[in-house]
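Hi,

Here is the structure I promised to pass on. Have a look at it first, then read my notes below.

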Amino acid sequence: MSTINILWVDDEIEFLKPHIIFLEQKNYNVTPCQSGTEALNLIREHDFDIVFLDENMPGLSGLETLSELKEIKATLPVVMITKSEEEYIMEDAIGNKIADYLIKPVNPNQILLSLKKNLDHTRLVSEKTSSNYLQEFRKISMNLNDVNSFEEWEQLYKKIVFWELELEASNDAAMPEILDAQKTEANHQFGRFIEKYYPTWFEDHQAPIMSHTLFKEKIANELSTNQPTLLIVIDNLRYDQWKTLEPTVNTYYKTQEESLYFSILPTATQYARNALFSGLMPSEMQKLFPQYWKNDTDEGGKNLFEAEFLEAQLKRLGLSHLTHEYIKITNLKGGQKLSENFKTKAKNDLTVLVYNFVDMLSHAKTEMEVLKELASNDKGYRSLTKSWFQNSPLLEIIKQAKELNFKLIITTDHGTINVKNPSKVVGNKDTSLNLRYKTGRSLSYQDKDVLAVKDPKSIHLPSLAMNSSFIFAKDNLFFAYPNNYNYYVNYFRNTYQHGGISLEEVIIPFVVLNPR
């Protein structure tokens, strides 16, 4: 560890000699000085790691020195030391972003603790986090082979995301790599679990809440004519991304309930989001609403009738008396316009807002090199999502909703996964285009890489034609055709895709919040 350089500023510095000797014995390098002016000159000429600054000095006071010091080196940590406990001095010092505040007389251990807190904090937290994760790693590894219910998978995924976020700030580069390997193994086991149990959930009362049951089982219970509700469906929002946005949302709203639910297969917008709004599985939508349902190979948009599906579901659930409005935002201009006019939505019992930004981001990433660099991994992807959200019209809308006393529900239709490895597939010209699932006739594929469903009706999916089947990519695989294989592999590797089977795509957030 390199030597820590301390600047100690006090007009009675000679009385602090024992403290300085104590620190030097601990391998700290202390430069003493007796005035604010001298301190500022030293700071211009030398690099210090931290400053101990006396508040009550002749000439430039501690607060005046602090103010000028921050103009020279804004990020240099300053510990203010004073005899006074007057509130205004503390407030001024804190307002100038001091790192710590000590009241005289100080003892050597107080000084040492302040140094540890300000200079070693990141390292100490990092080491403790890494140590704690290694203990948890063993537990998760032991449990992986025994996880046998959707509730257990929800809890395991929550643990993985918790440690992913905890280790994000760690200086130990090995820990995130270990976690990434563990998440890969978890996804492998999760693929087996889905393959075994997913078909049974449609006849099983022990099934998890899924896309087509979410509205009936969760959202409907929150609606009333006594308080307006804003339901925000952020397309493609993963659980880890929600946890990144949560602190910002919690500035205005407090969480009433946070839970997870399961997206249907394919984990793609035209299937999962239509199921959410209709309360039906795709084969039922095709049968009952042929005018609204479009298959993969049909021309035109696949999510053009969500408002109509919602209307029909509200009527079926006996909620047609609620005044409601459906709004879809697909670009910045649309978000800004809604933000400007959001007060008019207070008359609705239910305002449904579909916000497509995260979906656009994940798809744009395959097109734009800048986004590829900014979101080259999950940490970058989370950071980019957070940066967007904090500067988006959506946050402004949430702020207004809070002022208008809206209940807030935030959810999504499916997640997304960073794809790493190709899996060869061959199909005819009518095969669907998605990189994480395919539907069509005469599909040829690697058996170990996919969940293959020969009879789509068994999982309530429509058939494009006689003998059509579905295949879903497992783990972090993506489908590539033999033609131009290397070009497509290089183009799509390390991009975010959805439609297949992974914890990130299938297990997704549902959050109910009340205004603070």
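Before the details, one term: two strands pair if DSSP finds at least two bridges between them. Helices (H or I, at least four residues) and strands (E, at least two) are DSSP runs, numbered from the N terminus.

A word on where this comes from: it's a predicted model, where local features need pLDDT of at least 70 and side-chain atom pairs count only at pLDDT 80 or more, while totals for chains, interfaces and linings use all residues. Residues are numbered from 1 along each chain as its sequence is written, and side-chain values use heavy atoms, with hydrogens and water left out.

Six strands make an open sheet with mixed pairing, in the order 7-19-10-6-9-8. Strand 7 (253–262) and strand 8 (324–329) each have a single partner strand, so one side of each has no neighbour in the sheet. Inside it, strand 6 (residues 229–234) pairs with strand 9 (residues 350–355) in the parallel sense, over six bridges. There, Leu-231 stands opposite Val-352 in strand 9.

Next, the loops. Most residues other than glycine have a negative phi, and most peptide bonds are trans. Two bonds here are cis: Lys-104 to Pro-105, with omega near -5°, and Leu-265 to Pro-266, with omega near -10°. Pro-105 sits in the loop between strand 5 (100–103) and helix 5 (108–119), and Pro-266 in the loop between strand 7 and helix 11 (269–278).

Ser-442 has a positive phi, near 55°, and lies in the loop between strand 13 (437–440) and strand 14 (444–445).

Cheers
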